[in-house]
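Morning, everyone. I'll take you through one model, a few residues at a time. Here it is on the screen.

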Amino acid sequence: MVAAAQEGTSRGIVVVRSCRAIPLIAVLIFLGIAQSCVTLIAWSEILFTGHYAAGMFDFSVGVSRGSARVEAYLYLFVDEYPPFSLASQPGAGSMQTEPA
């Protein structure tokens with residue numbers, strides 16, 4: 001499988017997108033640390049109670065979703081700037097997630 005370069009893509013776009021993504025990356029670093037803590041707490045909760053709290057699940061899914069949006073923006077997969085939101089966005093690739 002070979003990916004063809006887009007006609008209008010230049011090196012300048014990559015630099016501009018990288019600079020525009022700095023605030024998003026800074027926020028995602030702190031959210032990633034928080035997600036690690038929430039994952040450890042959720043693991044112990046699941047171990048002792050057998051239940052995964054919906055709030056913890058939604059937070060973890062939201063951080064993963066936000067990280068995927070920023071990576072897609074940086075890798076030039078999408079053109080629109082990703083929102084500062086952990087919520088699901090309507091459109092292609094959206095799906096309903098619920099804890100087991």
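One definition before I start: a helix here is a DSSP run of H or I, at least four residues long, and helices are numbered from the N terminus. With that in hand, Ser18 lies in helix α1. Keep in mind that this is a predicted model.

Let me stay with Ser18. Its relative accessibility is 34%, which makes it partly exposed. Its side chain has a polar atom 2.8 Å from the backbone oxygen of Val14. Now look at Leu74. In sequence, Ser18 and Leu74 are 56 residues apart. In space, their C-alpha atoms are 6.5 Å apart.

Next, the charged pair. How many salt bridges does the structure hold? The count is 1. The partners are Asp79 and Arg17, and their closest N and O atoms sit 2.9 Å apart. Arg17 belongs to helix α1, residues 11–20, while Asp79 is in the segment after α3, so this pair ties together parts that are 62 residues apart in sequence. Arg17 is buried, at 8%. The cut-offs are under 20% for buried and over 50% for exposed.

On to helix α3, residues 54–74, and to Ser60 within it. Ser60 has a relative accessible area of 10%, so it is buried. What does Ser60 touch, once neighbours within four places in sequence are set aside? The contacts are Gln35, Val38, Thr39 and Tyr52.

Now the cysteines. Cys19 is partly exposed, with 48% relative accessibility. Cys37 is partly exposed too, at 43%. A disulfide is a covalent bond between the sulfur atoms of two cysteines. How many disulfides are there in this model? The count comes to 0. The cut-off there is a pair of cysteine sulfur atoms within 2.5 Å.

Last stop, the surface. Ile25, Ile29, Phe30 and Ile33 make a nonpolar patch of about 410 Å². One of them, Ile33, is placed in helix α2, residues 22–49.

Find the salt bridge between Asp79 and Arg17. Find buried Ser60 and its contacts, including Val38 and Tyr52. Then find the nonpolar patch that includes Phe30. That's my tour. Over to you.

Terms used: Residues are numbered from 1 along each chain as its sequence is written. This is a predicted model: local features need pLDDT of at least 70, side-chain atom pairs count only at pLDDT 80 or more; totals for chains, interfaces and linings use all residues. Side-chain values use heavy atoms; hydrogens and water are left out. Helices (H or I, at least four residues) and strands (E, at least two) are DSSP runs, numbered from the N terminus. Buried means under 20% relative accessible area, exposed over 50%, partly exposed in between (1.4 Å probe, protein chains only). Contact means heavy atoms within 4.5 Å. A salt bridge is a side-chain nitrogen of Lys or Arg within 4 Å of a carboxyl oxygen of Asp or Glu. Patches are made of residues with over 30% relative accessible area and no salt bridge: like charges are joined within 9 Å, nonpolar side chains (Val, Leu, Ile, Met, Phe, Trp, Tyr) within 5 Å. Accessible areas come from the Shrake-Rupley method with a 1.4 Å probe; for residues, only the protein chains shown count as cover. A polar contact is a pair of N or O atoms within 3.5 Å; within protein, one must be able to donate a hydrogen and the other to accept it, and residues adjacent in sequence count only if both atoms are side-chain atoms.
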